[in-house]
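Please read the following notes alongside the sequence and the coordinates. They are set out as numbered points, grouped by region.

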Amino acid sequence: MSEARKDGAAPASNRWRRFGEWDARPLRQDLFAAENPEAGFSVFRSPHDPAPSLTIEDGRVSVMDGKAAGDFDIIDAFIAAHHIDPEMAPVAMAMDPGAIARMLVDINVPRQDLEALARGLTPARLAEVVGRLSALEITFAYAKMRQRQSPGNQAHVTNAKDDPLQLAADSATAVALGFDEIETTMRVASNGWANALACTVGAAVGRGGVLFQCSIEEAEELQIGLAGLASYAETVSVYGTERAFIDGDDTPWSKALLTAAYASRGIKARCTSGAASELLMGFHEKRSLLYLEARCLCLQRAMGVQGTQNGGIDGAPLTASMAGGVRELMAENLIAVWLGLECASGNDTRTSESEIRVGAKITPYLLAGSDLICSGFGSIKKYDNSFNPSLFNGEEIEDYLVLQRDFQADGGLTPVDEDQVLGVRMRAVEALADVMDELGLAKVGRDRLLSVVFASGSQETESFTAGEVTPISAQIKARGITAVDVVRALARRGYEPEAENLLLMLRQRLSGDYLQTSSIVRDGRVMSAINDPNTYRGPQTGYRMSAPRWDAVQGIRNVLTRERVLAAEDIKDAAEVDWLVARGTAGRGTDPNEVVIGVSPGFARQLHRTTAGHRLEDVAEALVGGIAEGGGTARLVRMLHTADTSFLGLAAARLSGSGYGIGIQAKGTTVLHQADRMPHLNIELFSNAPLASLDHYRALGRNAARYTHGEAPEPVVVPTQGEALGARFHVRVALLYAIETALTDPAADPVELDYRPDAGGANV
Amino acid sequence: MSDDPADDLSLYPVSEKAPERVRTPTGKPLSALTLEAVLSGEIGPEDVAITPEALLLQARIARAAGRATLAENFERAADLVRVPQELILDTYELLRPGRARDAQQLLDRATLLRRDYGAARVAALIEEAADVYTRRGLFVKRY
């Protein structure tokens with residue numbers, strides 16, 4: 001810096017280089033927006049938000065949130081007519097909003113009481129109340145207020161080719177992973193019918209009972225549902241401003257009719273709304289995200305839909321760009337469940353390139369639980385997601401499974417093993433190929449099936465292209481093929497369990513049971529907010545995983561048991577190797593350049609390899625060779641009274657003629673010690689054994705010898721790049737070290753060892 | 001069904017607790033939906049549809065559970081069961097902004113649904129829309 005000033009030239013970089021490193025992190029691809037209410041960028045509160053108010057005259061709302069009935073826009077009008085409960089409203093609106101906020105987090109106030117109050121609150125008041133809660137309080141209130149007790153999850157199943165075989169295989173995989181709902185959509189709109197057929201067949205493989213939807217234009221979606229090739233719908237979008245609603249080509253009345261139409265066909269439906277959709281559509285009226293969302297949610301309850309897909313959705317990345325935005329997404333989900341709506345709680349759009357932000361985003365939902373934690377978890381790879389990448393994707397499923405295990409929280413997914421997945425994938429593509437053949441839609445070669453079964457994504461498949469699918473899709477629609485035809489085709493081709501699974505879903509349609517709030521189908525039974533209501537009232541209440549469920553959640557791949565660790569290590573029954581032979585009690589040496597190497601009880605007896613993978617024979621050779629190079633004499637002694645590195649080293653030093661000694665554990669942790677020191681005040685230490693090379697051991701031996709000559713050598717530093725060594729090794733370390741500690745005998749004397757390097761290779 | 005809401009709640013899930021209360025549109029019991037019946041052609045697509053009676057039962061259950069607006073939706077749905085698909089879709093289209101020329105077109109549709117299908121609750125919804133659309137000027141053509 002000073003030099004740059006002297007010669008007048010600009011410094012090469014007048015900047016702390018850490019900023020450059022931060023610039024290169026994925027996080028810095030995210031955009032962050034400043035608060036600006038005039039431009040629609042306000043999260044919880046805009047100066048243009050109305051103050052909460054309500055006047056009821058003759059049983060009708062005459063003023064709501066500062067607006068007279070004559071000025072109501074289409075959203076106000078519908079909310080005033082169908083959401084506001086004129087009996088509850090005077091009571092609820094007269095209450096102190098702070099008191100209501102406290103009731104939301106009070107375990108002594110039942111959920112039902114709060115739901116009743118919500119029916120008398122205006123959008124502005126609902127937003128005001130949840131705005132008083134911290135992120136933690138929102139999470140807690142959500143856990144208490146959410147509707148169905150058992151949490152669930154929804155998968156996106158799509159691919160970049162609209163390949164029906166892959167859709168079937170991936171649907172079956174999603175079912176095996178435990179998803180309660182599957183949602184598909186297309187790259188090419190005209191492929192909708194083929195997508196629906198493929199997912200219907202795939203979702204029938206395995207446990208069955210999974211609800212399925214095909215996201216497409218409203219009229220087409222209703223037709224597909226009517227044919228039984230979809231069991232729920234989620235695309236009934238609503239918006240918080242009139243202009244955005246109209247640009248969305250709907251009104252609350254058209255959407256209310258559509259909602260009733262779905263129910264009239266026995267199809268479960270939920271609306272979609274989320275923060276910042278109005279901002280993206282250009283009509284935000286300068287209102288805060290939360291206030292507009294409160295309007296959307298009151299409207300949804302007013303329309304009589306059972307639930308909502310809510311929490312940003314397509315607007316989630318924009319919302320997350322604002323300060324407090326992620327808290328807002330949680331707050332709007334809380335309003336949804338407070339209004340008694342099923343909540344498919346967003347977490348379906350990648351809100352960040354930072355994996356840390358992604359993991360943090362999902363955590364409150366994992367802890368609180370949700371009817372459907374993700375309203376679309378990308379069960380396929382990011383590039384195959386025709387909705388756009390989800391918050392979590394095929395690449396990250398195992399991360400999610402581990403988060404469930406970490407927090408002992410049920411995120412709705414179940415670990416799968418390799419054979420199981422291959423089995424269901426094969427079954428799904430075979431079933432679909434046979435169904436397509438039986439229905440005269442297509443004949444599929446074996447090579448295509450196999451290419452799909454093993455593929456992680458569509459970039460690896462030799463299967464249908466989007467263009468090939470279109471005529472098949474057109475045929476399904478034109479010929480009026482229904483789920484009943486699919487049941488028949490499955491049964492005729494020998495897929496009876498799948499035929500029964502699909503028939504079960506059709507039978508459920510007759511009773512309408514899964515039209516009720518928060519319904520899913522598990523083990524052939526409908527579970528909803530009515531027969532599985534959230535009963536959380538504090539510790540030991542509400543949802544807890546059953547013992548079998550917790551077992552299943554724990555069953556991630558490659559869990560190390562003691563037996564597995566020990567089987568993978570080079571462990572022998574206690575036996576002497578021929579390169580290290582015991583010969584009586586060890587005494588104190590007299591050679592002034594002697595370095596005693598004190599080895600641990602199991603060293604080259606039960607244990608034969610360090611955690612870095614070096615054979616102990618090679619490690620001993622490196623230490624002994626290094627001592628010789630430094631002008632010292634090595635002597636090996638086995639300690640039996642301790643397995644601790646410091647005490648091994650100190651005990652060795654006290655036996656050494658020079659007062660210098662090396663202590664080494666079988667796992668490779670090594671210390672250089674001196675006889676007069678305190679046990680834990682060593683000279684040099686290799687604490688990160690997994691990183692220590694043979695050269696490091698040799699250098700340590702050399703240093704030890706040089707100390708005996710009164711030199712002060714440069715300490716050996718084992719470089720670390722910040723690896724999470726504890727995560728990578730400590731399970732093994734703990735189990736290996738336990739073997740050594742079990743061998744110790746506090747009263748045992750050290751044993752002199754005869755080192756015979758020429759015995760060579762006999763420690764097999 | 002009594003007037004005690006608890007009695008209605010005890011019927012849920014209907015397929016387990018009161019399967020005898022629902023039938024297919026063709027009058028068959030739930031238990032008739034077997035794989036054999038599908039294979040023999042005894043059961044066809046026309047059998048796999050919800051009835052107004054089942055929807056009204058679910059409406060009672062929803063109301064008993066304190067979900068009045070959901071119940072009203074089920075009641076509107078019961079109205080729509082017998083309305084042909086094309087007419088539903090056409091009515092949906094008519095309710096979209098800028099599709100109807102004027103309020104009268106919506107009122108005519110409400111009258112038709114009430115008269116031909118007894119869909120009084122859906123008709124009321126459309127009449128309410130006609131009123132608000134008039135006030136908000138939603139009869140402007142959009143394309």
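1. In this predicted model, strand 2 of chain A and strand 3 of chain A make a hairpin with two residues between them, and A:Asp65 in the turn has a positive phi of about 45°. The two strands run antiparallel and are joined by two bridges, and A:Val63 has A:Ala68 in strand 3 of chain A as its bridge partner.

2. Strand 2 of chain A, which covers residues 60-64, also pairs with strand 1 of chain A in the antiparallel sense, here over four bridges. A:Glu57 stands opposite A:Arg60 of strand 2 of chain A. The hairpin of strand 1 of chain A and strand 2 of chain A likewise has two residues between the strands, and in that hairpin A:Asp58 takes a positive phi near 50°.

3. Taken together, these strands of chain A give an open sheet of three strands in the order 1-2-3, with antiparallel pairing. Strand 1 (54-57) and strand 3 (67-68) of chain A stand at the edges with a single partner strand each, so one side of each has no neighbour in the sheet.

4. A:Lys67 forms a salt bridge with A:Asp73, and the closest N and O atoms are 4.0 Å apart. As the cut-off for a salt bridge is 4 Å, I would read this pair with that limit in mind. The two partners can also be set side by side by their accessibility: A:Lys67 is partly exposed, with a relative accessible area of 22%, whereas A:Asp73 is buried, with a relative accessible area of 3%.

5. An α-helix has 3.6 residues a turn, so residues three or four places apart point the same way. A:Arg125 is buried, with a relative accessible area of 10%, while A:Glu128 is partly exposed at 27%.

6. In chain B, the side chains of B:Arg114 and B:Glu127 meet in a salt bridge of 2.8 Å, N to O. B:Arg114 lies in helix 7 (residues 103-117) of chain B and B:Glu127 in helix 8 (residues 120-136) of chain B, so the pair ties together parts that are 13 residues apart in sequence. B:Arg114 is partly exposed, with a relative accessible area of 34%, and B:Glu127 is partly exposed, with a relative accessible area of 28%. Elsewhere, salt bridges that share partners join A:Glu218, A:Asp249, A:Asp250, A:Lys255, B:Glu93, B:Arg96 and B:Arg99 into one network. Over all chains, the structure holds 61 salt bridges.

7. Is helix 13 of chain A buried or exposed? Of its 13 residues, 13 are buried, so the helix is largely enclosed by the rest of the structure. Helix 13 of chain A spans residues 252-264 and reaches 18 Å from its first C-alpha to its last, close to the 18 Å expected at 1.5 Å a residue. At its start, a side-chain oxygen of A:Thr251 reaches to within 3.1 Å of the backbone nitrogen of A:Trp253, and the helix is followed by A:Gly266, whose phi is positive, near 75°.

8. Strand 18 of chain A (residues 670-674) has five of its five residues buried, so this strand is largely enclosed by the rest of the structure. In a regular strand the side chains alternate between the two faces of the sheet. Here both faces are covered, with A:Thr670, A:Leu672 and A:Gln674 buried on one side and A:Val671 and A:His673 buried on the other.

9. Which strands pair with strand 18 of chain A? Strand 19 (residues 684-686) of chain A pairs with strand 18 of chain A in the antiparallel sense over three bridges, and A:Thr670 stands opposite A:Phe686 of strand 19 of chain A.

10. As to the overall layout, the domain assignment of chain A gives domain 1 (154-552) and domain 2 (567-759). The C-alpha centres of these two domains of chain A lie 58 Å apart.

Notes. Residues are numbered from 1 along each chain as its sequence is written. Chains are lettered from A and ligands numbered from 1 in the order in which they are written. This is a predicted model: local features need pLDDT of at least 70, side-chain atom pairs count only at pLDDT 80 or more; totals for chains, interfaces and linings use all residues. Side-chain values use heavy atoms; hydrogens and water are left out. Domain bounds come from an automatic or database domain assignment. The expected span of a helix is 1.5 Å times one less than its number of residues. Buried means under 20% relative accessible area, exposed over 50%, partly exposed in between (1.4 Å probe, protein chains only). A polar contact is a pair of N or O atoms within 3.5 Å; within protein, one must be able to donate a hydrogen and the other to accept it, and residues adjacent in sequence count only if both atoms are side-chain atoms. Two strands pair if DSSP finds at least two bridges between them.
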